[in-house]
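These are my notebook entries on a single protein chain. I record what I looked up, one topic at a time.

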Amino acid sequence: VNGTRLLFITPAIIAGILVYWTTPVVVLLVGPAYKSAGPAFSLTLLNSVFVSYGVIVTAAFLASGRTRIWAVFGIAYAVISLPLSVLLLWGLRLGAVGLSAKVLGLSVVFQIAYDYCICRLNGWRTDNTFRFWVGTFLLAVGGLTSALIEWLLADASPSKQLAAAVFVYAL
């Protein structure tokens, strides 16, 4: 459990603050023409928290010889993901934000399913309650920090606001 908590907490700490600053980061790195990519980048950044957990889950399934279960999860993901992508892109015309939301949503759902399955097979307790509360806490602190910095440094450039927010968040 400690290893999976570390794999959750590390990207969650980073995402907890940067998720509120993705648009300024995109503008700073690639220019104002890509400003509209900020929301999609924000969702993708949140997804990184669940991707890191997926790495350890993959190893757990494969190392324990439970490749059939892993294959079923993979097929289920594909069967759900493809029609959902078509709906979001062509039906609802949500573009990159829709696809990023889909990937994040599926990552959350499958992470819970993976965790439940592995824990049930091994007689362990799930750690989803820990992930929920720590993730919620980090996002709340990041949001409050960002709002405070934007209020205090309203006239500063976005890069200075970001630097100040990261500094205060790290405290």
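**Entry 1: Arginine 131 and aspartate 115.** I looked up the salt bridge in which the side chains of arginine 131 and aspartate 115 meet, at 3.7 Å from N to O. The model is a predicted one, and I read every distance here with that in mind. Arginine 131 belongs to helix H6 and aspartate 115 to helix H5, so the pair ties together parts that lie 16 residues apart in sequence.

Entry 2: How many salt bridges does the structure hold? I found that it holds two. In the other entry on my list, aspartate 127 pairs with arginine 5, and their closest N and O atoms are 2.9 Å apart. This pair links distant parts of the chain, for aspartate 127 is in the loop between H5 and H6 while arginine 5 is in helix H1, 122 residues apart. For the accessibility of the two partners, I noted that aspartate 127 counts as buried at 7%, whereas arginine 5 counts as partly exposed at 27%.

**Entry 3: Helix H6.** I turned next to the helix that carries arginine 131. Helix H6 covers residues 128–152, which is 25 residues. From its first C-alpha to its last it reaches 36 Å, close to the 36 Å expected at 1.5 Å a residue. Which residues of H6 are buried? I listed Asn128, Arg131, Gly135, Leu138, Gly142, Gly143, Thr145, Ser146 and Ile149.

**Entry 4: The largest pocket.** I looked up the volume of the largest pocket, which is about 290 Å³. Of the 18 residues that line this pocket, Phe8, Phe50, Arg131, Gly135 and Thr136 are the closest to its centre. The elements giving two or more residues to the lining are helix H1 (2–18), H3, helix H5 (95–122) and H6. Which element gives the most to the lining? It is H6, with seven residues. I also recorded the lining by class: 12 residues are nonpolar, five are polar and one is charged.

**Entry 5: Cysteines.** I searched the whole structure for disulfides and found zero. Cysteine 117 is in no disulfide, and the nearest cysteine sulfur, in cysteine 119, is 9.4 Å away.

**Entry 6: Serine 36.** Where is serine 36 found? Serine 36 sits in the loop between helix H2 (22–30) and helix H3 (38–63). Serine 36 counts as exposed, because its relative accessibility is 63% and exposed means over 50%.

Conventions:
Residues numbered from 1 in each chain as written. Predicted model: local features only at pLDDT ≥ 70, side-chain atom pairs only at ≥ 80, totals over all residues. Heavy atoms only, no water. Disulfide = S-S within 2.5 Å. Helix = DSSP H or I, 4+ residues; strand = E, 2+ residues; numbered from the N terminus. Expected span 1.5 Å × (residues − 1). Buried < 20%, exposed > 50% of the residue type's maximum accessible area, 1.4 Å probe, protein only. 1 Å grid on protein atoms, 1.4 Å probe; cavity = no way out; pocket = protein on both sides within 12 Å on 5 of 7 lines; lining within 4 Å. Points joined across faces, edges and corners; volume = space filled by probe spheres on them. Nonpolar A, V, L, I, M, F, W, Y, C, P; charged D, E, K, R; others polar. Salt bridge = Lys/Arg side-chain N within 4 Å of Asp/Glu carboxyl O.
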